[in-house]
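The stops below follow one another as a list of selections.

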Amino acid sequence: MDIKQLEYFMACAETGSVSEAAKILYSTQPSVSKVIKALEDSLGIQLFERLPRGIRLTARGKKFYRHACKIVNEVRTLEGMAEHGMTKWIRISLNPSSWFADQFIDFYNQNYDKNYHFQIYTAGVRTVLERVRDYLDDVGFVYIPEQQKSDFLYELSRNRLEFIPMHETELMLYPGAGNGLSSSGQKTVKPEELKGLRFIQNYQDEFFNLGQSEEKPQFSWSGLDISVVTNSDYIMERMLKSTSAANISGSYLSDKQQGGARAISLDMPENKVIFGYIRHRGEVPDEAVEELISFLNERLCRQ
């Protein structure tokens with residue numbers, strides 16, 4: 001087994017297609033297939049199921065993928081050291097947040113002389129969890145609704161991960177400028193008043209399906225008209241400034257992302273969002289990651 005085989009394997013796993021993997025790897029489909037077959041033979045296990053259209057990982061393939069990610073990332077880190085000296089990379093995944101972007105810029109400026117390099121990936125909670133689990137990122141910052149905390153923690157335990165809470169805030173409605181609620185003067189809004197509104201949200205995520213179970217029927221994303229899903233702060237800002245679309249987010253977000261929209265508290269039980277980070281259970285974060293976490297904790301204490 002060599003690093004090339006692992007890189008070919010990861011490309012196939014991530015694209016779900018040998019032909020697409022070949023394009024990314026600047027290779028040919030027969031060459032990629034040959035490498036994957038040799039890897040499977042050397043391991044004595046089947047890594048992929050062959051489907052009419054594409055491929056997918058087997059149960060064993062999924063386990064192997066996690067280890068392959070860790071090995072390949074470690075090798076790339078060592079190669080980076082050889083090429084550029086002791087350059088330190090910090091790999092972060094997070095839910096889209098203008099607040100975090102503002103803090104990151106300050107952190108970057110304050111630590112400029114340390115020559116830290118950063119890889120930042122924004123996504124929903126599920127993807128952040130998987131990226132940290134698979135060692136694609138060193139740490140993942142997420143926002144978890146109070147109602148979904150138990151389901152989220154259970155999923156973490158299954159993947160040998162843990163969640164460290166950093167801050168708790170309210171879930172708020174941000175009506176767009178063209179929405180009547182924007183100028184209504186209301187301080188609170190009930191879930192039933194959200195019917196008929198259109199929403200723009202950063203992402204659709206299974207951990208944000210509030211109140212999906214029968215025990216918590218007070219609010220559900222499935223009953224709302226989410227007409228725009230985006231991970232772009234710019235699109236969010238422009239939509240809230242120029243349309244009647246509304247957004248539901250935690251009050252941690254800056255005015256920049258909310259386009260200056262007035263925040264209205266959601267009148268519902270368990271109206272909290274918990275901000276924190278995901279890491280591997282029992283593993284001590286890198287010193288640079290600890291620096292970032294301490295910096296964020298200091299900023300949160302000022303709020």
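Helices (H or I, at least four residues) and strands (E, at least two) are DSSP runs, numbered from the N terminus. The model is predicted, so local features need pLDDT of at least 70 and side-chain atom pairs count only at pLDDT 80 or more, while totals for chains, interfaces and linings use all residues. Residues are numbered from 1 along each chain as its sequence is written, and side-chain values use heavy atoms, with hydrogens and water left out.

**Helix 1**

Select residues 3–15, which form helix 1. The expected span of a helix is 1.5 Å times one less than its number of residues. For the 13 residues here that gives 18 Å, and the end C-alpha atoms are 18 Å apart, so the two agree. Next select G16, which follows helix 1 and has a positive phi, near 70 degrees.

Which residues of helix 1 are buried? Buried means under 20% relative accessible area, exposed over 50%, and partly exposed in between (1.4 Å probe, protein chains only). Color Q5, L6, Y8, F9, M10, A11 and C12, the buried residues of helix 1.

**Salt bridges**

A salt bridge is a side-chain nitrogen of Lys or Arg within 4 Å of a carboxyl oxygen of Asp or Glu. By this rule the model has 15 salt bridges.

Select D106 and R299, whose side chains meet in a salt bridge at 2.8 Å, N to O. This pair links distant parts of the chain, 193 residues apart: D106 sits in helix 5 (residues 98–110) and R299 in helix 9 (residues 287–301). D106 counts as partly exposed because its relative accessibility is 29%; R299, at 14%, counts as buried.

Move to R126 and E155, which form a salt bridge at 2.9 Å, N to O. R126 belongs to helix 6 (residues 125–133) and E155 to helix 7 (residues 149–158), so the bridge ties together parts 29 residues apart in sequence. Both R126 and E155 are buried.

Now select E162 and R279, where the salt bridge is 2.7 Å, N to O. E162 lies in strand 6 (residues 161–175) and R279 in strand 12 (residues 272–280), so parts 117 residues apart in sequence are tied together.

**Last selection: R60**

R60 is found in helix 4 (residues 59–84). Is R60 buried or exposed? R60 counts as exposed because its relative accessibility is 55%.
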